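This briefing covers the fold as a whole and then a set of individual elements and residues. Please read it alongside the sequence and the model.

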Amino acid sequence: MSNALRGCTATLVLFWLWGGHSINCRGADLSPDGSQYWVRTWQTDDGLPRNTITCIAQTPDGYLWLGTPFGVIRFDGVAFTRMEGDFHPGFTRARSRVLHTDAQGRLWIGTGTAGIIRYDGRAFTIIDSHSGLPHPTISALCEDQSGVLWIGFQNGLLAWVDAEARVHPAAAVRGGWTDGAIQLVRDAHGTLWFAQGNAYGQLVGGVVTNVTVTENSPVILCPSRDGGMWFIAGNLLQKTPPPGASPTFVTLQLPLRPNQMPVLFEDHRGDLWIGSQREGVFRYADGEFMREFDTSHRILAIFEDAEDNLWIGTEGGGLSRLQTRIFHRLTMQEGLPQSVLRSVCEAANGDIWLSGQGPMLMKWTPEGGLDQASGFTNIGTTCVLPKPGGGVWVGTVDWGLYLVDDGQQRHQGNWGAFRGRQIRAMHQDAQGQLWLGCLPDGLIRVAADTMTPPQEYFDQGLPNEAIWALTDDAGGNLWLGTISGELWRYDGSAFSSYGTADGLPGASIGALYFAPEGDLWVGTLGGGLGRLRQGRFVFADVRHGLADDVILSIVEDDLGFFWLSSDQGILRVRRRDLEDFADGRRDHFDSIRYGKDDGLANVECIGGYQPSAWKTRAGNIWFATSKGAVWVNPASLAPEAPPPTPVLERVLLNNQDVADHHDLAFPFGYSRLDFQYTAPGFTSPEQIRFRHQLVGLDPDWIDDGTTRVASYPRLAPGRYIFRFTAGNREGAWSQRMVSLPFEVTPAYWQTAWFRFAVLLVFAGVVAGGVRYRYVQKMRRKLRALEQERALEQERMRIARDIHDDLGARLTQMAFVSDMVAGEIGEGGKAGERLARLANSSREAIRSLDEIVWAVNPGKDTLPNFVDYLSHYANEFFRSSSTRCRQNLPMIIPDLSLPTDLRHHLFLACKEALANVSKHAEATEVQLRLRVDGADLEIVIEDNGRGFRMDGLAGDGNGLANLNTRLATIGGHCRVNSEPGQGTRVRLQVRLPGGPAPDTKRREPSTASPSRN
C-alpha cells in the first residue's frame, strides 16, 4: 500500500459516538490467545509520553509519527521522542488530528487549533492564516494523483496548497445533507473521495460529483486495494465494487453497537480492520468477523507500517502493535494445571504429550484440546517419549517407568532399580531399545520386556553421575552426556569418555544431536554449542555470535536451521553457518533469540529433561517452557524484513546539541563528543544491530551490538569522518552508510606557525645553552691545562733541582769519600767507614735518580716506563750472580701513564726484584712484559728455592705491599710458588686510554734476553 493511501486512511475523522446495544457476530467472542496475531502495548510506564494517540503515519526514513492532544511523538521502535511546545512553538496549542506523508516524504500535521505544521526532515513550517488558511481546525489531508495536497476543514470548507505553501480555498461542499467535517481519501486509481455527514462522493478537479446520500447516518470511508471503496453508514458495512467490476454491493451487519463512528483500515492482504468504541478491533476476512484486539478504550487510529505491522492508537490506552503470531502457546489459560513444563513429545497418532512439574501428565489434540491423563495425581512425572508401536513412555520421580496406551497406565520393570532415582532422559535407539538416564546417577536399558539395572553399567566403567542427554549414532553406539560435562560412548561392552582434555568446555551437557551426515552436536549448560567430527571438538559461544551459552535442546527443522532452547528463550541459527565456523571458514555467525518482540516475553525453556523439545511429523517444533508449551511452524515464518535504514539523530558536544550538521568543526579541548543514531524498525527493534567507525582514528569497524551511541573524548586536531550502518537480527546489513565529516581545530599552541615559532625559540635556547656550556667547558679545560702545565713545570723544577743540586752534592760526597779512603788506606777503620759512606752516597744517588724519574712529567709514558724498568732490572742484578733475562715487546704503544700509576707499578716491580735478590737464591730471573689492548701484564719469575703458599710467615710485608700497591692503582697481583720450583709474580693493571683487548690469537713477542 502506498504512503499516500496509508496516510489518507489515517486521516479518518473521529466523531462523538452514540450509545446503543451490542450485536453478536460470528467470531466476535474469539479470545485474543486464539488469534493469529499477538499484541504488544506501550503506555506511559513503557516510555510512551502520552496514552492517547489520535493519528499515526510513517515517513520514508522509517520513523513512526504519533499524533497526540499536545503535539506529535516520533518513534523508532525503541525510543519515543516527544515533539511538543518545547521542541517547536507551533506545537504549544496543536492538538494533532490528522497526519499525512506526501510523495516527497514530507510530514503534514493537521491540528485542531493551529492549522497545519509541515516537517521536511530538517525544519518545521507553520501554515496558518498568514498563509491563507481559512480555518484553523483541520479534519482531513489527502494528496491527489498530481501531487496537490487537499485540505478538509471541520466547518466543511475545502482548500489546496501550492508549492510555496500558500493555501487556496475551493468551493465549499454544500448539499442537502448534514453540514460538518470533511473526510478525504484517495482510492487505488488515484481518485479523490469525500464524505460529509450522511453523504459521500468524488472530487474531480475540486468539483463534487457522484454524490450519494444515506439515510441520516454519518458515513465513514476506506479505500480498498482492489479499487473499490468500503464505507460504513449506520451499523452497516458496505463496499462499492471497483470500476469495471460487476456492480454488486457487499452489505454486512457490523458486530458493533449501533450509532458508532468506527475507524476503518484495509491492510496489505485486503483484510478490513474495524476499530470500535469499547469492543476492541475486529478483522473482516474470508466472509467473517474476528475480534483480534480486545480493549475497553476507544480506537482512534489504525495504521500499517512498511513492515506490515498493524498499529492501534487508542484514547487513554496507549499504542498497540499487532503482529502475525509466530509462536503459539498452550498456557494455564487454555487449561494447563500449571505453567512449568518439563518434557514434550508427539505420539504415533499425532497427540502431543506434556509432562509438568509435579504430578501432571497432559495430552493435547487440535480437535479436543487439553486432557489430563488419569492415574498420575500422586506421581511426579519427569519426561515423556513416544513408543513406536503406540502409546507413550512416562518417566517419574522414584516410581520408575510407565507406559500409557489407549488410556491405560502400566508400570514397567522392577521397582528396585528406580528406588531413589529420577528418570531425567529417555531415548529409543534404532534397535528399539529404550535407554533411561537417571538422577543422581544410573543408566537403565529396557528391551524386550527386560530391564538392565544401573549396576551392570557401573561395573563396565560408567561413573556415578547424573545423565541428562542420550542419543545413538549410525554405528549403534550409545552416547551419554553427564552433569559433570563429560561425554561417554558405549559400544555395548565398554565405555570410553571425552573430557576437557579432548576439547569439551567442562560445562554440563544438556543436549545431544546426531546430524544425518554423522556429526555429533553437543549443547552445554554454559559452554555453548559444539560439533564433534573425526574426534575433534569445535565449540561456539556468545563471542562468536551464538545468542546464549546455555543450550538445553537441539532440533533441526526442514529448512536447514537449528532450533535451540535456552534458559533465556528460544534460539535459531543456520546450520550451514555453524558448519562454516567449525571448519574455520568464518569466525562469526548470526543467530536469533526470540523474545518479547515475538510474543515470548520472559519465556524460559526447561533443561535437565529429555526430550524438552520435539519436532512433529508436520514439521512443527514444540518446546517445554516456564510459561507452558510453545510451538512454531518454521515453514510459515515470513522472510526477515530488509535491513533497517540508519539515521543520525543527534550530535552532542559537551552534552550540548549541535543543530547544524554541515561543515562541522569542533575546538580542541572539548571534553566529550557523542554521536547518537538509530535505525527505525518495528518487527524486532530491540535486536537491530549497529557498527561504526571513526575514519582517522579507528582502524576498522567497531561492532556496537544494540548500542545506539558512540562517544569520543578529546580527539587530536585533524579531519575525521564518522560513519555507521545498521543490520537486522539475521545479520543482513543495510547498504546505506551514514557518513559525517568533521574537523577538530587545533588550539593556537597547536598551529603550525606557533610550533614553528616555538621551534625557533627552542633552537635558539638550545644553541645558546650549548654554546654557553661549550664555552664553560673550554674554560674549565683551559684552567685544568694551565694547572696541569703549572704542575708539570713545578715537577720539572723539582726534578731539576734535585738532580742538579742534591745529586751533585751526593756525587761529590761519594767522590771525596773515595779519595779520602784511598789516602788513608784500606786497613784502618776510618777507611772502612769512608768506603761505606761512599757506597751509601752512591745508593742515595740511585734512589735520587728513581725519584727524579718518578717526578719528571716527561717520563709519563709507557715506553719510558718499560725502558726504565728494563734498565733498572739489568743494573739491579749486574753485580750479583743471578742472571736477568728480559722478554719485552718490540712495539710498545705510546700511551700516557698517570704519575701515581707509574710510581706504584715501578715500586711493585722493584719490590718483586728485591724479593728475588734477598730470598730466592736464584741463578736466573725473567722479566716478561705484555700489552694486550688496555691491559698491561708484568711477570717476574725466578728459578729459586720457592716456598709453600700456605706456610707464609705472618710477619712479612713484601707480598702484602705488592697487593696494596696494585689495589691502589686498580690492578691486582698474583703469586705462585712451590718449594724447589721457583716463584712467579704476575702484576696486572688496566692502562687508561688504551684500545680494547685483542681477542684474536697473538703472535709471540720478540724476547730481549740480557745477562748480568
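A strand here is a DSSP run of E with at least two residues, and strands are numbered from the N terminus. By that definition Thr471 is found in strand S42, residues 467–472. The model is predicted.

**Overall make-up**

- The protein chain holds 8 helices and 70 strands.
- Of the 1012 residues in the protein chain, 51% are buried.
- The accessible surface of the protein chain comes to about 46,700 Å², and carbon and sulfur atoms account for 50% of that surface.
- Taking contacts in the protein chain between residues at least 6 apart in sequence, 54% join residues at least 24 apart.

**Nonpolar cores**

- The largest nonpolar core consists of 42 residues, and Trp353, Leu354, Leu401 and Leu436 have the most contacts inside it.
- Strand S36, residues 401–405, gives the most to this core, contributing 4 residues.
- Leaving out residues up to four places away in sequence, Trp353 touches Ser343, Val344, Cys345, Ala347, Leu361, Met362, Lys363, Ala373, Val384, Val392 and Val404.

- Thr471 counts as buried because its relative accessibility is 7%, and the cut-off for buried is under 20%.
- Neighbours within four places in sequence aside, Thr471 is in contact with His427, Asn477, Leu478, Trp479, Leu512, Phe514 and Leu520.

**Helix H6**

- Helix H6 spans residues 862–878, which is 17 residues.
- From its first C-alpha to its last, H6 reaches 24 Å, close to the 24 Å expected at 1.5 Å a residue.
- The buried residues of H6 are Leu862, Phe865, Val866, Tyr868, Leu869, Ser870, Tyr872, Ala873, Asn874 and Phe877.
- At the start of H6, a side-chain oxygen of Thr861 comes to within 3.4 Å of the backbone nitrogen of Asn864.

- Strand S6, residues 96–101, has 5 of its 6 residues buried, so the rest of the structure largely encloses it.

**Strands S60 and S63**

- S60 and S63 pair in the antiparallel sense, over 4 bridges.
- Phe675 stands opposite Ala710 in S63.
- In a regular strand, side chains alternate between the two faces of the sheet.
- The covered face of S63 carries Ala710 and Tyr712, while Val709 and Ser711 make up the uncovered one.

**Phe668**

- Phe668 is found in the loop between strand S59 (664–667) and strand S60 (673–678).
- Phe668 counts as partly exposed because its relative accessibility is 28%, and partly exposed residues fall between the 20% limit for buried and the 50% limit for exposed.
- Not counting residues up to four places away in sequence, Phe668 touches Leu715, Ala716, Pro717, Val744, Thr745, Pro746, Ala747, Trp749 and Gln750.
- Tyr748 is 80 residues from Phe668 in sequence, and their C-alpha atoms are 9.7 Å apart in space.

**Cis peptide bonds**

- Leu439 and Pro440 are joined by a cis peptide bond with an omega of about 10 degrees.
- Pro440 is found in the loop between strand S39 (434–439) and strand S40 (443–447).
- Gln610 and Pro611 are also joined by a cis peptide bond, with an omega of about 5 degrees.
- Pro611 has its place in the loop between strand S53 (591–594) and strand S54 (613–615).

**Positive phi outside glycine**

- Asn210 is not a glycine, yet has a positive phi of about 50 degrees.
- Asn210 lies in strand S17, residues 207–213, and is exposed, with a relative accessible area of 55%.
- Arg714, a residue other than glycine, has a positive phi near 50 degrees.
- Arg714 has its place in the loop between strand S63 (709–712) and strand S64 (718–727).
- The relative accessible area of Arg714 is 54%, so Arg714 is exposed.

Note on methods. Residues are numbered from 1 along each chain as its sequence is written. Side-chain values use heavy atoms; hydrogens and water are left out. The expected span of a helix is 1.5 Å times one less than its number of residues. Buried means under 20% relative accessible area, exposed over 50%, partly exposed in between (1.4 Å probe, protein chains only). A polar contact is a pair of N or O atoms within 3.5 Å; within protein, one must be able to donate a hydrogen and the other to accept it, and residues adjacent in sequence count only if both atoms are side-chain atoms. A nonpolar core is a set of buried Ala, Val, Leu, Ile, Met, Phe, Trp, Tyr and Cys residues joined through side-chain atoms within 4.5 Å. Contact means heavy atoms within 4.5 Å. Accessible areas come from the Shrake-Rupley method with a 1.4 Å probe; for residues, only the protein chains shown count as cover. Two strands pair if DSSP finds at least two bridges between them.
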